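Here are a few exercises to work through with the model open beside you. Try each task before you read its solution.

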Amino acid sequence: MKYMTKEVKIGIAGIIALCVLVYGINWLKGIHLFKPSSYFYAKFENVNGLTQSSPVFADGVRIGLVREIYYDYTRPGNVVVQVELDNEIRIPKGSTAELVSEMLGGVKMNILLANNPREKYEIGDTIPGNLNNGMMDKAAQLLPKVEQMLPKLDSILTSLNTILGDQSIPSTLHSVETTTANLAIVSSQVKALMNNDIPQLTGKLNTIGDNFISISNNLKNIDYATTFKSIDQTLSNVKILTDKLNSKDNTIGLLFNDSTLYNNLNATTANAASLLEDLKAHPKRYVHFSLFGRKDK
């Protein structure tokens, strides 16, 4: 231990600190130096801003990161991305690497795993890649439609300004306010009607309904057969009486149907009238009156 001078200790501490710093920087980048991993390549025409240490996902789970990005200067449109994936991951043949643009401007890589249990990509193989702009692509598709709508929006805004500048709008709003106030008054009156008059009317209707029920029960208890039988007998008696009145074989029938009685009564009335006239004209023929007694003729 006599060789462990102060300078040696400082050097060892510096080496340890440097190793810790390198491991920490890589750990913050998502690189695990002591964890086994596999390397694959993905080929794109455009990486759309993909950077080193960007995460790589499969089915929403992070399985690795981007290690290097190589651009082929001799053949433009060919960009090779080296990805470091977990050693346990199995990439079936037919899988693709997709770059997805996020709303905040970032780019992530998704490994779209195919359903192929027989074949797989070996370490160092190249996976075909494609670009998926996601929401940005949809927004780009919407831009022409938005541009077509802008003139219509301008005309709509102009029409709205014209409508809002019309002097009749305040009066219309005032009328609407007055109508609303009237509706509030009507609503309160209807509420009062519902609270006061409707219960009374309902009670009267219930009473009428009860009376109808009582009348119905009374009608149900009537012996209709006996009643109609009595009515038939009464009608028969009325018919017999009518026949008697129309017949001449009885006194009442003769009074109604024999003209002799009428003629006799008519003649008697005429005689009585002539007698009264004669009595009125010559009362002394029928009445003799003297204050001092009757004189002998």
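Of the 297 residues of the protein, 13% count as buried, that is, under 20% relative accessible area with a 1.4 Å probe, protein chains only. This is a predicted model, where local features need pLDDT of at least 70, side-chain atom pairs count only at pLDDT 80 or more, and totals for chains, interfaces and linings use all residues. Residues are numbered from 1 along each chain as its sequence is written, and side-chain values use heavy atoms, leaving out hydrogens and water.

**Exercise 1.** Work out in which order the elements of the protein run.

*Solution.* Start by counting: there are six helices and seven strands (DSSP runs numbered from the N terminus; helices are H or I with at least four residues, strands E with at least two). Then read from the N terminus, which gives α-β-β-β-β-β-β-β-α-α-α-α-α.

**Exercise 2.** Decide whether glutamate 84 is buried or exposed, and find its side-chain partner.

*Solution.* First locate glutamate 84 in strand 4, residues 79-86. Its relative accessible area is 9%, so glutamate 84 is buried. Next, look at its side chain: a polar contact of 3.4 Å links it to the side chain of arginine 67 (N or O atoms within 3.5 Å; within protein, one must be able to donate a hydrogen and the other to accept it, and residues adjacent in sequence count only if both atoms are side-chain atoms).

**Exercise 3.** Find which helix gives the most to the nonpolar patch.

*Solution.* Helix 3 (168-221) and helix 4 (224-246) each supply at least two residues. Helix 3 gives the most, with six.

Definitions and conventions
Buried < 20%, exposed > 50% of the residue type's maximum accessible area, 1.4 Å probe, protein only.
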